[in-house]
Amino acid sequence: MRILGFLLIAGVVLTASVSLAQQSPFQPVGTMSQLMVDIIYPTSDDLFYIGRTPPSNDREWGVIERSALMLAEAGNLLMMPGRARDQGDWIKDSKMLVDVGTAAFKAARAKDMDAILALNDQLVASCTTCHMQYRPNYRRRPQ
Ligand code: HEC
């Protein structure tokens, strides 16, 4: 009887922890600030300033392509459970980053610098839209 009771409890505990794990397999590693400073900021800079040292060979285009890919995927990282601040504007703002990053990734694969430069405003907007609402002490732009 005792063994049976133990097995029952063990089963319940096991099931509970398995379903918890299934709920969210994600495991945030960096803080929000680290994602910004170490992933989003340098990769977006590669796109913002592509005109300063235009890529001229496959290796240099490869760097741009990787930056655009990381930036686009970073938008997905922002939407992870545990990171998303809410399911409304935060998700919308993160998707702006995914969208512009995806467009830049496609342009980089096509080695089209003008197309990347043309995304500049959209890229700035993807940062500032979220920052105005969610980044502490971020200077709000006059309307
Ligand atoms: C969906 C929301 C969101 C998007 C999109 C976003 N950020 Fe941020 N960013 C934040 C938040 C929140 C903070 C404040 C983090 C903190 O201090 O904990 C922040 C802070 C920062 C910081 C300061 C980090 C520090 O600790 O000094 C930089 C730099 C930054 N973001 C760059 C960018 C750039 C560049 C983009 C666009 C390419 C961008 N962010 C897009 C939410 C966002």
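At what angle do α2 and helix α3 pack, and how far apart are their axes? The angle is about 145 degrees, and the axes of α2 and α3 (residues 58-78) are 8 Å apart. Axes here are lines fitted to C-alpha atoms, for helices over the stretch in contact, with angles from 0 to 180 degrees between N-to-C directions. Helices are DSSP runs (H or I, at least four residues), numbered from the N terminus.

A word on the model. It is predicted, so local features need pLDDT of at least 70 and side-chain atom pairs pLDDT 80 or more, while totals for chains, interfaces and linings use all residues. Residues are numbered from 1 along each chain as its sequence is written, and side-chain values use heavy atoms, with hydrogens and water left out.

Back to the first pair. α2 passes α3 in a left-handed crossing; that is, the near helix is turned anticlockwise from the far one by less than a right angle. Residues in contact (heavy atoms within 4.5 Å) include Leu35, Ile39 and Thr43 of α2 and Ile64, Leu71 and Leu78 of α3. By class, 14 are nonpolar, 3 polar and 1 charged. Nonpolar covers Ala, Val, Leu, Ile, Met, Phe, Trp, Tyr, Cys and Pro; charged covers Asp, Glu, Lys and Arg; the others, Gly among them, are polar.

Next, α6. The axes of α2 (residues 32-48) and α6 come within 10 Å and cross at roughly 155 degrees. The two are therefore roughly antiparallel, a term for angles over 145 degrees. This crossing is left-handed too. Met36, Ser44, Leu47 and Phe48 in α2 meet Asn120, Leu123, Val124 and His131 in α6. That contact has 5 nonpolar, 3 polar and no charged residues.

Now α4. The axes of α4 (residues 89-109) and α6 (residues 120-134) come within 9 Å, crossing at roughly 160 degrees. That makes α4 roughly antiparallel to α6. Their crossing is left-handed. Among the residues that meet are Trp90, Met96 and Val100 in α4, with Leu123, Thr129 and Tyr134 in α6.

Last, the ligand. It has 19 residues around it; Ser33, Met36, Cys127, Cys130 and His131 come nearest. Near means a heavy atom within 4 Å. A polar side-chain atom of Ser33 lies 2.5 Å from a ligand oxygen atom. For His131, a polar side-chain atom lies 2.8 Å from a ligand nitrogen atom.

Technical notes
Parallel < 35°, antiparallel > 145°, perpendicular 65-115°, else oblique. Polar contact = N/O pair within 3.5 Å; in protein donor to acceptor, adjacent residues only side chain to side chain.
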